[in-house]
Amino acid sequence: METKEKIYNKLLKLVKKDNVKVNERLKDHLYTKLGGKADFFITPTTFQEVQNVVKLSNEDNIPFTLLGNGSNLIIKDGGIRGIVINLKHLNDISSEGNTVVAQSGARIIDASRHALKQSLSGLEFACGIPGTVGGALYMNAGAYGGEIKDVLDYAYVVDKEGNLVKRLASELNLDYRTSNIPENGDIVLEATFNLKPASYEDIKAIMDDLTFKRESKQPLEYPSCGSVFKRPPGYFAGKLIQDSKLQGTNIGGAEVSTKHAGFIVNKNNASTTDYISLIEHVQRTVKDKFGVDLEREVRIIGEDTD
């Protein structure tokens, strides 16, 4: 890999200077408030800029990582080498007929609110999901009986060669909290959702109910990565953790939520090491007590500290 100065100068030819940061603290950009620094933190404003950065990464063999708002992601304390790209400026949401088109960096919550304003039903389940549209597709996000695969028509992505490609929902292998987006190396730029006309009042009533359920049950007063574990077959992760008497258990600044056992919160300036150690402690305890393996829903990436 070339020197940082050379890479920086090349990036300035592809992206506006204000949108290229060096040694940027990732915890300042993430829902979890965890993580070390990125060598280069890029926030493109056009699809073409994303394509150009991907092509540069390929040509110069520079490590490349796509980052949403980190609502389902933990970044290690050593940070991320190479280029980190964040699509927060690609956040437009529009609608035509029964479709809503949302760019990757928009919040999926805002897409559901836009659908409400247009009296379009189908995205109500997403009214409390804190991630971006791109992140929602990446993991086929879902809640309260709905999921992305129920409403997605197609997406525009940048493939690993830097080409702009249209992917139909049927091509993404959307399943429980998974898709083939990561294995394909795609970067979601935009998603089109097929929705159904319905009464504004009926849609709002559903969203209000789901919002109340979320706010009353989830520990939204602290940063977290959301639900940490996938639902094990035949069980509920939160119930297993609760029955293991783990609520309130902490390592450093990380704590198993006393409000919802399926959440681990950043209660007091936790390090990523605290967080990961507590996740592993929960997994071991539940395995010892109930013989059930808890599989992480949250992803962990980045470098360890020296």
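Two strands count as paired if DSSP finds at least two bridges between them. The views below show a predicted model.

**View 1. An open sheet of four strands.** The strand order is β15-β18-β17-β16, with antiparallel pairing. At the edges lie β15 (224-227) and β16 (250-251), each of which pairs on one side only.

**View 2. The pairing of β17 with β18.** Strand β17 (residues 254-256) and strand β18 (residues 263-266) run antiparallel and are joined by three bridges. E255 has V265 in β18 as its bridge partner. Helix α8 (residues 272-290) packs on the sheet and touches β15, β16, β17 and β18. The direction of α8 makes about 25° with that of β17.

**View 3. Packing of helix α3 on helix α6.** Helix α3 covers residues 108-117 and helix α6 covers residues 200-217. The two pack at an angle of about 155°, and their axes are 9 Å apart. Angles over 145 degrees count as roughly antiparallel, so α3 is roughly antiparallel to α6.

**View 4. Residues in the contact of α3 with α6.** From α3, the residues S112, R113, L116 and K117 take part; they meet Y200, I203, K204 and M207 in α6. Sorted by class, this contact has four nonpolar, one polar and three charged residues.

View 5. An unreviewed UniProt entry lists residues 34-198 as "domain: FAD-binding PCMH-type". This span is 20% helix and 35% strand. The C-alpha atoms at the ends of residues 34-198 lie 40 Å apart.

Definitions and conventions. Residues are numbered from 1 along each chain as its sequence is written. This is a predicted model: local features need pLDDT of at least 70, side-chain atom pairs count only at pLDDT 80 or more; totals for chains, interfaces and linings use all residues. Side-chain values use heavy atoms; hydrogens and water are left out. Axes are lines fitted to C-alpha atoms, for helices over the stretch in contact, and angles run from 0 to 180 degrees between N-to-C directions. Angles under 35 degrees count as roughly parallel, over 145 as roughly antiparallel, 65 to 115 as roughly perpendicular and the rest as oblique. Contact means heavy atoms within 4.5 Å. Ala, Val, Leu, Ile, Met, Phe, Trp, Tyr, Cys and Pro count as nonpolar, Asp, Glu, Lys and Arg as charged, and the others, Gly among them, as polar. UniProt positions are given in the numbering used here, feature names are shortened, and annotations may be inferred rather than shown by experiment.
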